[in-house]
Amino acid sequence: MSEKPTGFAALGLPGPILAALAEVGYETPSPIQAQAIPLLLAGHDLLGQAQTGTGKTAAFALPLLARLDAAARHPQLLVLTPTRELALQVAEAMQTYARFLTGFHVLPIYGGQGMGMQLNHLRRGAQVVVGTPGRIMDHMRRGTLDISRLQSLVLDEADEMLRMGFIDDVEWILQHTPGERQIALFSATMPHAIRAVTERHLRAPQRVQIAAQTATAENIRQRYWPIQGLHKLDALTRILETEPFNGLIIFVRTKTQTVELAEKLSARGFAAEALNGDIAQAQRERTVERLRDGRLDILVATDVAARGLDVKRVTHVINFDIPYDTESYVHRIGRTGRAGAPGEAILFVAPRERRLLHSIEKATGGRIEPMAMPSVQDINSKRTERFKQQVRELIEKQDLAVYYRLVSELEQEDEMDALQIAAALARLAQGDTPLLLDARPDQASAMSRGGEPGHSPGAKRAARAHQSRPATALQTAALPLKDYPEIEMERFRLDVGYTHGVKPGNIVGAIANEAELESKYIGHIEIFDDFTIVDLPAGMPNEILRDLQKTWVCQRRLAITPLRVDGPRAPGAGAPRQPARPAKDAGAPSARRKAGRPSAGVGSKKARRKTGSVGKAPRRPTK
């Protein structure tokens, strides 16, 4: 009698996908996967209510991949996500699960990425497209994304898309999908607007509701460092020098990174080795044993390689790269705090990754506290104490008779001071690497406190910008923020206007999303025929401005540039003039009518209310 299939095999998934799951170490489906996969395999529409971190990506990806025709190169599955980070996460998961499907291609599409590159990939063909609503709409309107033969559509984190103002875009996309297509909608909550979407577009949906069970051990202290001011490797080095640890695991996303980071740490004097899926089992076991018995202090690992790793000596886990889902985070930090022992978990979070941080906090039901980066003084204090301790141990444990005689001879022959000789010997032992760091004023520690309690990231960024730039004619041209008059503002020109169909909400949403700047710190906005001016906190970081230059809104690059009043003006920014108003005749462009420009002058309260958008959540940001 043949044995009954268990685990994922019992759900009816095909062999190539089961092989991929076995390779990444997935054995038992989560509750939402166990319920959703058979329903989607059978072709039902699905309404799933589940928090981030319950395994919902695999719940829709595995069965819908199983239904694809890998030989056909046209889009068969479309996944809509609220952010580009989630789009990349889903696309990466799809690629992992489909690694044994010959000819499979997945394409992530989102704002801020070059349109030309996306067009090239679309021409080559992809069975799965994952993207944000605004950019998906752009391609559909251009005719570069054909969804006429779409089999399935997934709305991932629908309530988040509603909160960010994408629900109208989602409705538009749904209206342009084929009549015979399968829809899976996932949302943590079910507000009225989401229920309305399901009633209009889903056909007799099956409902799956899963309560988040994810929790982290109470004996693990969780902290995060908001990445800024220091290179990540330098920051990691400071933490390793100041945190008292026994064994430590550093998690990164890729196999290549494990090797590169382990080599760099070894070059800096740390006992570190890589652990990834390419390492032979025998070598893996030797590496883990070395960590267990104290011959190795640091492992640099991927999620898969560290799955099931149990070493009681591990006191710290550092997430060098933030995981894309809560389950991975919980598995990672679960490598410390074993058997009730205290553990430490540190997470590196870039500005664009704060949404992932909030998702982790929400799903785990706990707050991850910010940490200050150790200062130069902290590092030098630790190095000095370590140097002294090494000297003490040598004096206690080593036979120094020969060296004592040599120092005595030098002291007598050259009439040298014994302290001077000892200092020279210490310098000789240290080599070319300085013992102490440069003690000039250290800004990294202060900058790392951007996420302290009571201060939002947007407020901190705005405050830093205000403090870092002197008042000039450029800032004088901008209007002060109503609620934050102390913050100095700078005026910028955007290369998109009424003729392109832009609205204030589009501008606010794009800037808030790309710059991680809260909307209340986005100042006065005026939209003209072919350009827009906007006031932002002075001293915006160059890397943020570079990202904004490449951001697309209404099929146009923002191409943000400072609007100088004391030098050469940006094109189209000559003498002051009134913003363009919609024509009152029947032939006025619909985009202008929708924009709702006031008939009052720019300086009036009504005009400011329509164009300012300060402090308002974006109505429909375009990615």
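User: Before we start, what are the ground rules here?

Analyst: The model is predicted, so local features need pLDDT of at least 70 and side-chain atom pairs count only at pLDDT 80 or more, while totals for chains, interfaces and linings use all residues. Residues are numbered from 1 along each chain as its sequence is written, and side-chain values use heavy atoms, with hydrogens and water left out.

User: How do you know which residues cover the two faces of strand 5?

Analyst: Side chains in a regular strand alternate between the two faces of the sheet. In strand 5 (residues 152-155), S152 and V154 sit on one side, L153 and L155 on the other, and all are buried. Buried means under 20% relative accessible area, exposed is over 50% and partly exposed lies in between, with a 1.4 Å probe and protein chains only. Strands (E, at least two residues) and helices (H or I, at least four) are DSSP runs, numbered from the N terminus.

User: What makes strand 2 and strand 5 a pair?

Analyst: Two strands pair if DSSP finds at least two bridges between them. Strand 2 (residues 77-80) and strand 5 have four, in the parallel sense, with L78 opposite L153. Four bridges also join strand 5 to strand 6 (residues 182-187), again parallel, and there L153 stands opposite I183.

User: What makes the lining of the second largest cavity nonpolar?

Analyst: Its lining has eight nonpolar, no polar and no charged residues. Ala, Val, Leu, Ile, Met, Phe, Trp, Tyr, Cys and Pro count as nonpolar, Asp, Glu, Lys and Arg as charged, and the others, Gly among them, as polar. The lining residues include L155, M161 and V197.

User: Why is the W225 and F348 pair called edge-to-face?

Analyst: Rings of Phe, Tyr and Trp (its six-membered ring) pair if their centres lie within 6.5 Å; planes under 30 degrees apart are stacked, over 60 edge-to-face, and the rest tilted. W225 and F348 have ring centres 5.4 Å apart and planes at 70°, so edge-to-face it is.

User: And why is F320 with F348 called tilted?

Analyst: The planes of F320 and F348 are at 45° and the centres 5.7 Å apart, so that pair is tilted. W225, F320 and F348 form one aromatic cluster.

User: Why does F320 count as buried?

Analyst: F320 has 10% relative accessibility, so it counts as buried. F348, at 0%, counts as buried too.

Key. On a 1 Å grid over the protein atoms alone, a cavity is a set of points where a 1.4 Å probe fits but cannot get out, and a pocket is an open set with protein on both sides within 12 Å along at least five of seven lines; lining residues have an atom within 4 Å of a point.
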